[in-house]
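User: Hi! I have a model open and would like to go through its contacts with you. Could you start with the charges over rings?

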Amino acid sequence: MSRSPEPFASYCPLRKWKLLASLLIGTALFPSLPAGGQEVTTWLTTPDKANLLAEQAQHLHFAHSPMEANAIAIDDGKKFQVIDGFGHALTGGSAQLMMKMASPARTKLLNELFGNGPGEIGTSYIRVSVGASDMNDHVYTYDDMPAGQTDPDLKNFTLAPDRADVIPVLKQVLTINPRIKILASPWTAPAWMKDNDAVKGGHLKKEYYQAYATYWVKYLQGMKAEGIAIDALTPQNEPENPKNTPSMLMTSDEEADFIGNYLGPAMASAGLRTKIINFDHNCDNPGYSIDLLKNAVANKYTDGTGYHLYRGEITALTTTHDAFPQKNIYFTEQLVVPRKDDTIFSIAKPVARIIIAAPENWSRNVLLWNLAADPQNGPHTDNGGCPVCSGAITIDGDTVIRNLAYYTAAHASKFVPAGSVRVGSTEGPNVLPHVAFLTPHRRHVLIVSNTTDDARTFSIRFRGKDAPATLPAGAVATYVW
């Protein structure tokens, strides 16, 4: 207020209560500078499973204290990328397992996954496959033809295969979170469009680039007609991997040509605003995306680049960002499962390697693979499906088991909603891996992973005050204030 100070008691009672109400509301929505006694809530997961995303009864408190050498200092004056969300791939197999659940059990599970209430984890971003992925019980596209036949006019195009499971589950998810972002990725084009006439491997024939662009338009329009808005797409999942069933190869030059001269113009002509994300593959080849973005025509239609981390280093995201800082970075897939020799719940490393490192390297999202599987890690396709791809949850009838990937993503998804911004934080050799955010409701969120074999004591420093914290060996904590 710019007016001269006036004793609070001199206000009339009505004005006094109005002022008090405004102060209380403002404090709730927009926390002010930390004062003595301001609390930091801690949510903890420990490798012995004694704590699994458990809110701790004892809160941390900001106060003036001697400088701590290994403090994590938060600077919300330094703002980086906006966050679109955290989540998983809702594969066809995941949706199939959910649709086999009794309706009350499925509703309870979906609310837990996508809701924002107590006991819910606020998943805000999901990935779906365009046609089948390798985590489906069989291969299909939306325009399959008998061997030797083609359909260049796409007269037989249909979303019918998804109406049994993927579409009903997505519709139910949207009733819980209407603003959830959805990324769509194909594992293959219809076999008749490919140079090997097969669903595994091969390249898209140049003569069918236009037909495939139209296929995409029909898919996006068909999903929209179902009430499902696709926020972003990748033209090809893992374009350098021919080993999955299904799969398809696409070089950087081929993808640039397809995006710039076919897919981008077709979507623009149809009035579709779905973002196009290139590459969607491993961090060992940032040159793929950089070369594509050097193509002026493809660049025009490309929102950014997607990465996986089965090979290479996460710093490839920053390499691409630095080459084209006006383009966005996305983390579109990573499998998180326990190692065979794990005797503990090893959450620290995947949180540090993915949930922390991807946003620290400019990613707007993090998507893990995949959301749900049965106790046998199925369903998956034959001769090229993934027999070791357990889900973030295991679904056995109506029974649900929450696995490592569930808690890995939940340490971010529950606390960092879409629209949050990554903010500055201390870097240094003695500081534990961490990442900090400012949410739309002005809450600060700090995720810290202790990848060492010993408990570590540090402090959270914010606006001149410190909150001391201790994190057990191998543990992960999310701090909120």
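Analyst: Happy to. K206 lies over the face of Y209, 5.6 Å from the ring centre. A charge counts as sitting over a ring if NZ of Lys or CZ of Arg is within 6 Å of the ring centre and within 35 degrees of the ring normal. This is a predicted model, where local features need pLDDT of at least 70 and side-chain atom pairs count only at pLDDT 80 or more, while totals for chains, interfaces and linings use all residues. Residues are numbered from 1 along each chain as its sequence is written, and side-chain values use heavy atoms, with hydrogens and water left out.

User: Which ring does the charged end of R422 sit over?

Analyst: That one is W362, with the charged end of R422 5.3 Å from the ring centre.

User: How many aromatic pairs does a search of the whole structure find?

Analyst: The search finds 23 aromatic pairs. Rings of Phe, Tyr and Trp (its six-membered ring) pair if their centres lie within 6.5 Å; planes under 30 degrees apart count as stacked, over 60 as edge-to-face and the rest as tilted. F80 and W362 make an edge-to-face pair, 5.7 Å centre to centre with 80° between the planes. F80 is in strand β4 (residues 72-82) and W362 is in the loop between α10 (348-360) and β12 (363-368), so this pair ties together parts 282 residues apart in sequence. Helices (H or I, at least four residues) and strands (E, at least two) are DSSP runs, numbered from the N terminus.

User: What relative accessibility does F80 have, and what about W362?

Analyst: F80 has 33% relative accessibility and counts as partly exposed. W362, at 23%, also counts as partly exposed. The cut-offs are under 20% relative accessible area for buried, over 50% for exposed, and partly exposed in between (1.4 Å probe, protein chains only).

User: And how are the rings of F86 and F437 arranged?

Analyst: Their centres are 6.3 Å apart and their planes are at 85°, so the pair is edge-to-face. F86 belongs to strand β5 (residues 85-89) and F437 to strand β17 (residues 434-438), so to speak distant parts of the chain, 351 residues apart, are linked by the pair. F86 and F437 are both buried.

User: Which residues do ring pairs link into a cluster?

Analyst: The cluster holds Y140, Y142, F157, Y209, Y212, Y215, W216, Y219, F258 and Y262. Y209 is the ring with K206 over its face.

User: Changing topic: how many disulfides does the structure hold?

Analyst: It holds 1 disulfide, joining C386 to C389 with an S to S distance of 2.0 Å. The term means a pair of cysteine sulfur atoms within 2.5 Å. The torsion about the S-S bond of C386 and C389 is about 80°, so the disulfide is right-handed. Both C386 and C389 are buried.

User: What about C283?

Analyst: C283 is in no disulfide, and its nearest cysteine sulfur, that of C389, is 18 Å away. At 4% relative accessibility, C283 counts as buried.

User: On to the sheets. What order do the strands of the closed barrel have?

Analyst: The closed barrel of 8 strands runs β5-β6-β7-β8-β9-β10-β11-β12, with parallel pairing. Two strands pair if DSSP finds at least two bridges between them. Strands β6 (residues 125-130) and β7 (residues 181-186) run parallel and are joined by 6 bridges. V128 stands opposite A184 in β7.

User: And the open sheet?

Analyst: The open sheet has 3 strands in the order β13-β14-β15, with mixed pairing. Its edge strands, β13 (372-373) and β15 (399-402), each pair on one side only. Strand β14 (residues 393-396) pairs with β15 in the antiparallel sense over 4 bridges, and I393 has R402 in β15 as its bridge partner.

User: Last one: where is K194, and is it buried or exposed?

Analyst: K194 is in the loop between β7 and α5. K194 is buried, with a relative accessible area of 0%. Leaving aside neighbours within four places in sequence, its contacts (heavy atoms within 4.5 Å) include T188, H203 and M248. K194 and E207 are 13 residues apart in sequence, and their C-alpha atoms are 9.7 Å apart in space.
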